[in-house]
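Colleague: Hi! Could you walk me through this one?
Modeller: Happy to. Here it is.

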Amino acid sequence: VFLLDSSRLQEYLRNDWIVEQLQREERAGDEIFIAHRWLKASPAKRLMYDCVYHDFFECRGLRILDVGGSFCSLSRALIQRHIYSLLELAAHDPSTDLRSVERAVGKRFWIEGDWYSQPITGTYDVIVANDLFPNVDQRLELFIEKFLPACREMRLSLTYYNHPRFYLTKRVDGEEILCMLAWNGRQTGQVLAKHADRINQPTLELLEANESVFENGRQVCIVRLRGAAA
Ligand SMILES: C[S@@+](CC[C@H](N)C(=O)[O-])C[C@H]1O[C@@H](n2cnc3c(N)ncnc32)[C@H](O)[C@@H]1O
């Protein structure tokens, strides 16, 4: 487990390879995807991407399942190098655009829908969830339980807040207005602690730190869990 902090960000920015590659690989239409725009705009998001995906650009042939990965111009290289599947609800991006990327690259890679409802059909070398849990989706524990048996490694970047942060939200299947209180580091650590034997250096007390490299004050930690299919 480690945190995205300012020293890591400074270190990454000495060789900001993602910003260069994003520009080099950009095709008409990529700007539609929110992950692409966020990466271009935010050095901290690029650090996060680097921590999660870096080594995928140095090898080939891995079976990768990317849950909530959206799309950016670097995704094309992942699709070409690996057996890459994207399990994505497409909450931000118009769903037809992922289908047109599939047509352009000549490969099907998108599994559309909520990860919870998807049957697991095989095993993966790496299952990734970058910036999905627990801030966007609080079902972190269910996710680990469902997918850990199906991979050799699970890689997560987890976003939480060590100060009260809440959103008024509306149910999509009802009228009720709900107040969603974002998780803090202690809550996030409690879920990870159940799997501490699968984490190298499970220093979960780190999650209670307060320094943030993001403008909205969020905390992000990176966790790698050894999967049961190892
Ligand atoms: C905060 S964005 C992160 C996107 C990208 N991974 C990144 O880091 O820029 C969360 C992504 O997860 C997707 N998502 C949200 N809930 C999901 C679910 N239940 N199943 C699959 N994808 C989901 C959204 O459509 C969105 O693309």
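Modeller: Let's begin at one end of the sheet: two bridges join S1 to strand S9 (residues 219-226), and these strands run antiparallel. Strands here are DSSP runs (E, at least two residues) and helices are H or I runs of at least four, numbered from the N terminus. Two strands pair if DSSP finds at least two bridges between them.
Colleague: Before we go on, what kind of model is this?
Modeller: This is a predicted model: local features need pLDDT of at least 70, side-chain atom pairs count only at pLDDT 80 or more, and totals for chains, interfaces and linings use all residues. Residues are numbered from 1 along each chain as its sequence is written, and side-chain values use heavy atoms, leaving out hydrogens and water.
Colleague: Thanks. Which residue in S9 stands opposite Leu3?
Modeller: That's Cys221.
Colleague: And what is the strand order in the open sheet?
Modeller: Seven strands, in the order S1-S9-S6-S5-S2-S3-S4, with mixed pairing. Strand S1 (2-3) and strand S4 (110-112) are the edges, each pairing on one side only.
Colleague: Which strands does helix H7 lie across?
Modeller: H7 (residues 140-147) lies across S2 (63-67), S3 (83-88), S5 (124-130) and S6 (151-160), and runs at about 170° to S6. That angle is between N-to-C directions, on a scale from 0 to 180 degrees, with axes as lines fitted to C-alpha atoms, for helices over the stretch in contact. Contact means heavy atoms within 4.5 Å.
Colleague: Changing topic: where does Asp30 lie?
Modeller: Asp30 is in the loop between helix H2 (17-25) and helix H3 (34-41).
Colleague: Buried or exposed?
Modeller: Asp30 is buried, with a relative accessible area of 1%. Buried means under 20%, exposed over 50% and partly exposed in between, using a 1.4 Å probe and protein chains only.
Colleague: So which residues is Asp30 in contact with?
Modeller: Leaving aside neighbours within four places in sequence, they are Glu25, His36, Phe71, Ser73 and Arg76. The side chains of Asp30 and Arg76 are joined by a polar contact of 2.7 Å. Such a contact is a pair of N or O atoms within 3.5 Å; within protein, one must be able to donate a hydrogen and the other to accept it, and residues adjacent in sequence count only if both atoms are side-chain atoms.
Colleague: Which H3 residues are buried?
Modeller: Ile34, Ala35, His36 and Leu39 are buried in H3. The buried residues of H3 pack against H2 and helix H4 (43-53).
Colleague: Great, thanks!
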